[in-house]
Each structure stands twice: as C-alpha cells, then as structure tokens.
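Subject: Structure handover

Hello,

Here is the structure for you to look through. My notes on it follow below.

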Amino acid sequence: MLEKIISGGQTGADRAALDVALKFRIDHGGWIPKGRLTESGPLAVKYLLAEMPTQDYRERTRQNIIDSHGTLIVSRGKLTGGSKLTESFARVMGRPLCCIDLLDTEEFEAAVILKSFVLENAIETLNVAGPRLSRQPLIYQDVKTILEVLLYLLFLDTGKDRDMKARLPLEPFAPAFPGTIGAAVDLIRHDLPLETRIFIARMEPKDIHMLYFTFLDYIRSRVGFDTENQALLIACRSGMGDVEATIEDGVMEILKQLKQDLETDHILRVVK
C-alpha cells in the first residue's frame, strides 16, 4: 500500500504531489537542491524536503529515484528537460517507472494505470516528477487529480467503503448553510450520531482519506458547497492560506478540523 509520496519540490508536477500528500496526511519528503531552490523561490518550510549539499538539480533527481520504490512522470507531450532526465536515470538504474502522457490518456485512465503500477511493484514510496508550472501550466491540476483518484481507487480496494457509508447521517436535514469553518464543523458534528463521532475521533490521522471519500458528497451538500456557498469557500481558502483551494480542498479542511474537535472530548483518556 502506498505509504509515502516524494518529489523534488519544483513548481508544477512536483508541488502537486506534495500538496496531495499534505491534504491526505500521507508521509511526504524527497530531496531538493541546496537553498531549497525552485523557479518561484525557496520552497516553503511546510514541505519536509531535505536539502542536497549541491544546487545541481540532477543530483536531487537521482537521489529521489534511489530513495523511492518507483517513479511516476506525468506530462502533456514528449518528455523534455528534467522530466527526460528523470526517465533516463530511472531506466539506467533499472528502477520501476511509469510514464503517462495526458495527450494520449485522460486523467481517470491514468489513475487506473498508476494503480496497477503501484500494486504490481509493491510501491510504498512513490517518487513523482513532471514539468514545472512555467512549461506546462495545467500540469499541477493534472497530477493532483490523478493522485487523488488513485487514492480513491486504493480505498475502494480495501472494501471499507460500505462500512464507512453506514456511518453517514440517515435523517433528512433542513438547509442551514454555515459561513465559517467553525460553523460547518458544529453543523456536521450535530448531524453525526455518537458512535460515528467516537469512530472519527479514534481514527489514525493517516486514515483520514477514508473519511474524505465517504463524506465528500454529504458535506458538499450539507454546507451548501453544491449551491455555491461562496462565504464558506472564501473562509476555507483564508484558513488554508490558499486562494486557489477548491471545494474538495475545503471539504478536507472541514474534516480535519472536525476530527481535531472530536479528539478533544470523544476519546477516553486513562488518568493515573
């Protein structure tokens, strides 16, 4: 099962992979050139990448291939520059490699191909590479979509989707759309039966993707995202510090805060 996602931290494909890992609380990492170099400036410290002793991009590319069980390269068209170098290094070193050209393959099909690659090669640490944002402006969203669909497909394979869906509220509810993350958390918390609240509180943080895929449609509808609750979306973007965060990103932020809130009073603690 996929346990960790790494990349070189560059804008575009690399950054999308790291953001998906952060969103789903998957371990992440990788190597980045000395000075945390990227085309948009030094990489933010929230990304837990290690600095190489050199600013040579080729060295970090090689090291990320070595430190992973397999490498994914996503592109739109023929590989060039760093992506081509990544392909060459992986082939020379005989490491598992999955190259996806989105001019020939749509995103869902790409995720299915990637799932087979991950399972067939028993990949626990996946290295993700591809063009930087200045060369292919759509690549960030492409990679983000592929990886999120991959995680959903892997979740379905666990067979836990039916058990999780049984924990959703069954009673109809009247529309009452919140304008803040806190209000959204309170609303959903009120909907959930005690058993479900305790279950969420006790979940391991790394399993939050199970909540996301199960609760996504329910939360979208419940908080009014599907009817364009712009006030809440703006609040989510502000809280996340990301003006381009999507509704789906907002759902995850609400879930994370819901879990944190429930952990404060729904977990029995042993007092000596």
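**Nonpolar cores**

The largest nonpolar core has 62 residues, and those with the most contacts inside it are L72, L114, L126, L147, F215, I219 and I254. A nonpolar core here is a set of buried Ala, Val, Leu, Ile, Met, Phe, Trp, Tyr and Cys residues joined through side-chain atoms within 4.5 Å; buried means under 20% relative accessible area, exposed over 50%, partly exposed in between (1.4 Å probe, protein chains only). Helix α5 (residues 139-157) supplies the largest share of this core, ten residues. Helices (H or I, at least four residues) and strands (E, at least two) are DSSP runs, numbered from the N terminus.

Apart from this core lies another, of seven residues, including I73, L79, A90 and L97.

This is a predicted model: local features need pLDDT of at least 70, side-chain atom pairs count only at pLDDT 80 or more, and totals for chains, interfaces and linings use all residues. Residues are numbered from 1 along each chain as its sequence is written, and side-chain values use heavy atoms, with hydrogens and water left out.

**Backbone**

Most residues other than glycine have a negative phi, and most peptide bonds are trans. R36, which is not a glycine, has a positive phi near 55°. R36 sits in the loop between β3 (31-32) and β4 (50-51) and is buried, because its relative accessible area is 12%.

A122, also not a glycine, has a positive phi of about 50°. Its place is the loop between α4 (107-120) and β7 (125-129). A122 counts as exposed because its relative accessibility is 55%.

Regards
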